[in-house]
2 protein chains.
Amino acid sequence: MSVTTDRLRGLIETTEGELPSLTVELVRDLEVHEQMSIAEVAELTGLSAHTLRYYERIGLVEVPRDAAGRRLYDREAVGRVVFITRLRDSDMPIAAIARYVELVKQGPGTEPERLALLEAHRDDILNRLRDLQGALAVVDYKITTYGGSCGS
Amino acid sequence: MSVTTDRLRGLIETTEGELPSLTVELVRDLEVHEQMSIAEVAELTGLSAHTLRYYERIGLVEVPRDAAGRRLYDREAVGRVVFITRLRDSDMPIAAIARYVELVKQGPGTEPERLALLEAHRDDILNRLRDLQGALAVVDYKITTYGGSCGS
DNA sequence: GCTTGCCTTCGACCGCACTCGAAGTCCTAC
DNA sequence: GTAGGACTTCGAGTGCGGTCGAAGGCAAGC
């Protein structure tokens, strides 16, 4: 589905059976340099440079600049982008991600709300999984019994 | 997630272990009368009347009318709508659904393409499932180890 | 010193899937 | 016969998440 996920999936699968995969680990495994250009981060994440600028514009990441004003993603910024990508891949709305990031910015004391946000999202994912499994059953049935009207 | 799925989920779960659930069975189990008004179909599927008209407008369903020109959904139309809803719940794009419906309209001979369409969509669903499971692992990890920055 | 090419900002635009509003029609109940 | 409510068509508007283009800056290589 998403390019990012395709790129990261292998890494996840290699750690299966161990702890659930961790963005930080993924970032460590992928080649993250201390300073990355927007093109490199785009290449790394599968997002377009446009999208990366967009994420910054709406406040999801803060990205340091070089002397000439060009973006130089540091390890933290890259980690953030990868994390956001993960959440987007699971259809978390940008607004919710923005809220989460906002809470992180506000610092300690906001953990309960952050946790609540993640738990709500976790429920969304579980529902989505069930939806998809249901739909998969229908499509599979259609495929295996293929005769093919479309109201049946 | 979707209202329709919420309503139908129970029915699916009751048939677990048997054959994969079938739209036609769902339709039989839900109370489908021979003639239903748009309001009744909306109530049944969880779609809005607006959305039902929209689906018809773009050619996804043909709906009979009564003498006064009002929509009177018959069993076939209702089945079609439920099937479409299932596909939409799994994020199949309207355009692909429209293509499928088009093939059904064209009648016999189009089965191979229909099948290919369904199989492609099946692959999409499987990828989506993997994406979601990956994202779930990340979110779960975040929740269980909760300390909370967002690049980690 | 000039071309090449990636970078910058900014605002406008796009595609998807609805969603809504206006204006009018038709049946039912009073 | 008239008020109410659910229906009709049509076209326009909305929200989301990007996506793009224009106009210009800066550094490296020729």
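How many nonpolar, polar and charged residues does the surface near DNA strand C have? This tour reaches the answer at its third stop.

**Before starting**

The model is predicted, and local features need pLDDT of at least 70, side-chain atom pairs count only at pLDDT 80 or more, while totals for chains, interfaces and linings use all residues. Residues are numbered from 1 along each chain as its sequence is written, chains are lettered from A and ligands numbered from 1 in the order in which they are written, and side-chain values use heavy atoms, with hydrogens and water left out.

**Stop 1: chain A as a whole**

Select chain A and display its secondary structure. Chain A has 7 helices and 0 strands; helices (H or I, at least four residues) and strands (E, at least two) are DSSP runs, numbered from the N terminus. Read from the N terminus, the order of elements is α-α-α-α-α-α-α. Of the 152 residues in chain A, 48% are buried; buried means under 20% relative accessible area, exposed over 50%, and partly exposed in between, with a 1.4 Å probe and protein chains only. Among the contacts in chain A with a separation of 6 or more, 50% are between residues 24 or more positions apart; a contact means heavy atoms within 4.5 Å.

**Stop 2: helices H5 and H6 of chain A**

Select residues 75-89 and 94-106 of chain A, which are helix H5 and helix H6. These two helices pack at an angle of about 145 degrees, and their axes are 10 Å apart. Axes are lines fitted to C-alpha atoms, for helices over the stretch in contact, and angles run from 0 to 180 degrees between N-to-C directions. On the H5(A) side, the residues that meet H6(A) are Arg80(A), Phe83(A), Ile84(A), Leu87(A) and Arg88(A). Their counterparts in H6(A) are Ile94(A), Ile97(A), Tyr100(A), Val101(A) and Val104(A). By class, this contact has 8 nonpolar, no polar and 2 charged residues. Ala, Val, Leu, Ile, Met, Phe, Trp, Tyr, Cys and Pro count as nonpolar, Asp, Glu, Lys and Arg as charged, and the others, Gly among them, as polar.

Now select Asp91(A), in the loop between H5 and H6 of chain A. Its phi is near 65 degrees, a positive value in a residue other than glycine. Most residues other than glycine have a negative phi. Asp91(A) is partly exposed, with a relative accessible area of 39%.

**Stop 3: DNA strand C**

A residue is near a strand if one of its heavy atoms lies within 4 Å of it. The surface near DNA strand C has 7 nonpolar, 4 polar and 8 charged residues, which answers the opening question. H4(B) gives the largest share of this surface, 5 residues.

Two polar contacts (pairs of N or O atoms within 3.5 Å; within protein, one must be able to donate a hydrogen and the other to accept it, and residues adjacent in sequence count only if both atoms are side-chain atoms) can be displayed next. A polar side-chain atom of Arg65(A) is 2.9 Å from a phosphate oxygen of DNA strand C.

**Stop 4: DNA strand D**

Move to DNA strand D, which 18 residues surround. The closest are His50(A), Arg57(A), Arg88(A), Arg65(B) and Arg71(B). Here H4(A) supplies the largest share of the nearby surface, 5 residues. Arg57(A) places a polar side-chain atom 3.0 Å from a base oxygen of DNA strand D. Arg88(A), already seen in the contact of H5(A) with H6(A), has a side-chain N or O atom 2.8 Å from a phosphate oxygen of DNA strand D. For Arg71(B), a backbone N or O atom lies 2.5 Å from a phosphate oxygen of DNA strand D.

**Stop 5: Arg114 of chain B**

Finally, select Arg114(B) in helix H7 (residues 111-144) of chain B. Is Arg114(B) buried or exposed? Arg114(B) counts as buried because its relative accessibility is 4%. Its side chain reaches the backbone oxygen of Gly107(B) at 3.0 Å.
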